[in-house]
Amino acid sequence: MGASDVTAPIHTDDTTVVIVGAGPAGLIAVHLLHRAGVPYIVLERHARSAMEGMAKAGSIDYRTVELLKSVGIVDSILEFTATNYCCEFRTPDERVLFDYGTLAGDRPHYIYPQHLLVARLCDALTAIDGDIRFGTEVNTVEQDEHGATLSIVDECGTAGTIRCQVVAGCDGARSVVASALRGCKVVEQSLPVRWLAVLGTTAPLEPHTIYAAHPRGFAGQMRRLPTLTRFYLEVPATDTFADWPERRVRDELSVRLLVPGRLDDVSFIEPSFVDLRMRMTTPMQDGALFVAGDAAHLITPAGGKGMNLAIADAVELAQGLIERFGAGAGAGDGDRLARYSETRLPAIWRIQAFSRWMLRLILAGSDDVVGQGDDSSFGAGLRQGWVSALQHDAQLARWFAYSYAGVDPD
Ligand SMILES: Cc1cc2nc3c(=O)[nH]c(=O)nc-3n(C[C@H](O)[C@H](O)[C@H](O)COP(=O)(O)OP(=O)(O)OC[C@H]3O[C@@H](n4cnc5c(N)ncnc54)[C@H](O)[C@@H]3O)c2cc1C
């Protein structure tokens, strides 16, 4: 049989846990399983080299760093040193700087570009001979009373199957594992606008996050690296890349962020569209199948919570798997694993609710209702009302600061 013959399986592996996807969720889970001695295989459809070029998230919640400290990932593998304390709400009429980090008890965000975090976690796994198979795509997942069978195709086009007791679906928004869940409910909502995301080859315009609500639409700036900055533009959901040549991106950012001339020498690279979409899968498990991160839920980009949820899911799922399958004293009856979805869902809904609410502070126009008259000026007035409330209502300001920085209430 030739390497290109993908019709017949030529190899079969058995293991305890198969993790599908080596994004933040899959990689955090696998490090914890590896340390606990739980047998596993990680399957990732992309080549290792391609993983380095996928810049997405960058702001890491305070609670995420604390969680990663508590499970020993911080210091041994990841270090979080760059902090972000402030965000600014900007319109043509006013600039309001909000020091949420101080208000949350000196607990800020951390900045760590997702592709660098993924690269660091991959390197650390390779260094300990972790079983991670890049360039291997999972096509189907089927479960039976003893576990699950995954059909795969590797980077040479060779087909095969893997048997395991449990599948951890960490395979992102178009999850194959999620599509194999039986009897789970999926609910989804989306807004008629989305964000065009680009990276600008420049230092940040300001050292803090900027949310600009201009009558032409939202524009945002988030710090990433000293010479690379994330920018967003609110655009109609029907727009394509052809509608947004680099010159138009530059002009529109300059106008909406109110920075004429300051972006003239900046290149804007890696454009992508981010949908303002929310999706929940309940429960996040079915028999031998579990889903985590974007595979289980999607959240709007407002507040930068997606990767944080993915990491928190992964830690809880891994701890349930370790209790069930880990060697020695930690091995248990599987109760924590059985309660994985129940444990995670309340926190996920809380963060969904915050992210959805935060769109009111960010989008230039109204974020949901359709009314009569000038909808955008009504939306701008509501937004101004919320920003004003943040300035004058200490309790609202405190709630926002804790939710935004990702700090659990004291
Ligand atoms: C522009 C942008 C900015 C963002 N900013 C932030 C932010 O500041 N803060 C934040 O918290 N979140 C942010 N997010 C969201 C965040 O990036 C995601 O929530 C996060 O990547 C989810 O991680 P994950 O591990 O669940 O999934 P993913 O990162 O999507 O990883 C899934 C992995 O599974 C692999 N895979 C998929 N299907 C298969 C298959 N069939 N077989 C094998 N492998 C497969 C994929 O190749 C991928 O490597 C941002 C997203 C974007 C697009």
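## The ligand and its surroundings

A polar side-chain atom of Q114 lies 2.7 Å from an oxygen atom of the ligand. This model is predicted. The protein covers 90% of the 1,000 Å² of accessible area that the ligand has on its own. How many residues surround the ligand? There are 36 in the shell. The closest are E44, Q114, D294, M307 and N308.

| Protein residue | Polar atom from | Distance to a ligand oxygen atom |
|---|---|---|
| Q114 | side chain | 2.7 Å |
| G304 | backbone | 2.9 Å |
| G306 | backbone | 3.2 Å |

Which elements give two or more residues to the shell around the ligand? They are α1, β2 (40-44), β9 (137-144), β15 (228-236) and α8 (306-325). Helix α8 gives the most, with four residues.

## Helix α1

Helix α1 runs over residues 24-36.

Is α1 largely enclosed or largely open? Of its 13 residues, 10 are buried, so the rest of the structure largely encloses the helix. A residue counts as buried under 20% relative accessible area. The buried residues are P24, A25, G26, L27, I28, A29, V30, H31, L32 and L33. Just after α1 comes G37, with a positive phi of about 75°.

## Aromatic rings

The whole structure holds 20 aromatic pairs. One of them joins F354 and W399. A pair of aromatic rings is described by the distance of the centres and the angle of the planes. Why is the pair of F354 and W399 edge-to-face? The ring centres are 5.6 Å apart and the planes stand at 70°, so the pair is edge-to-face. The cut-off for that label is an angle over 60 degrees.

This pair links distant parts of the chain. F354 belongs to helix α10 (residues 340-362), while W399 belongs to helix α12 (residues 394-405). They are 45 residues apart. Is F354 buried or exposed? At 4% relative accessibility, F354 counts as buried. W399, at 38%, counts as partly exposed.

Rings also meet charges here. The charged end of R194 sits over the ring of F273, 4.0 Å from its centre. R398 does likewise with Y402: its charged end sits over that ring, 4.3 Å from the centre.

Most residues other than glycine have a negative phi, and most peptide bonds are trans. Where does this model depart from that? One place is the peptide bond from T282 to P283, which is cis, with omega near -15°. P283 lies in the loop between β16 (268-282) and β17 (285-286).

L258 has a positive phi, near 60°, and is not a glycine. L258 is found in the loop between α7 (246-256) and β16. At 26% relative accessibility, L258 counts as partly exposed.

E270 also has a positive phi, near 50°, in a residue other than glycine. E270 is found in strand β16. At 38% relative accessibility, E270 counts as partly exposed.

Note on methods
Residues are numbered from 1 along each chain as its sequence is written. This is a predicted model: local features need pLDDT of at least 70, side-chain atom pairs count only at pLDDT 80 or more; totals for chains, interfaces and linings use all residues. Side-chain values use heavy atoms; hydrogens and water are left out. Rings of Phe, Tyr and Trp (its six-membered ring) pair if their centres lie within 6.5 Å; planes under 30 degrees apart count as stacked, over 60 as edge-to-face and the rest as tilted. Buried means under 20% relative accessible area, exposed over 50%, partly exposed in between (1.4 Å probe, protein chains only). A charge sits over a ring if NZ of Lys or CZ of Arg is within 6 Å of the ring centre and within 35 degrees of the ring normal. The expected span of a helix is 1.5 Å times one less than its number of residues. A residue is near a molecule or strand if one of its heavy atoms lies within 4 Å of it. A polar contact is a pair of N or O atoms within 3.5 Å; within protein, one must be able to donate a hydrogen and the other to accept it, and residues adjacent in sequence count only if both atoms are side-chain atoms. Accessible areas come from the Shrake-Rupley method with a 1.4 Å probe; for residues, only the protein chains shown count as cover.
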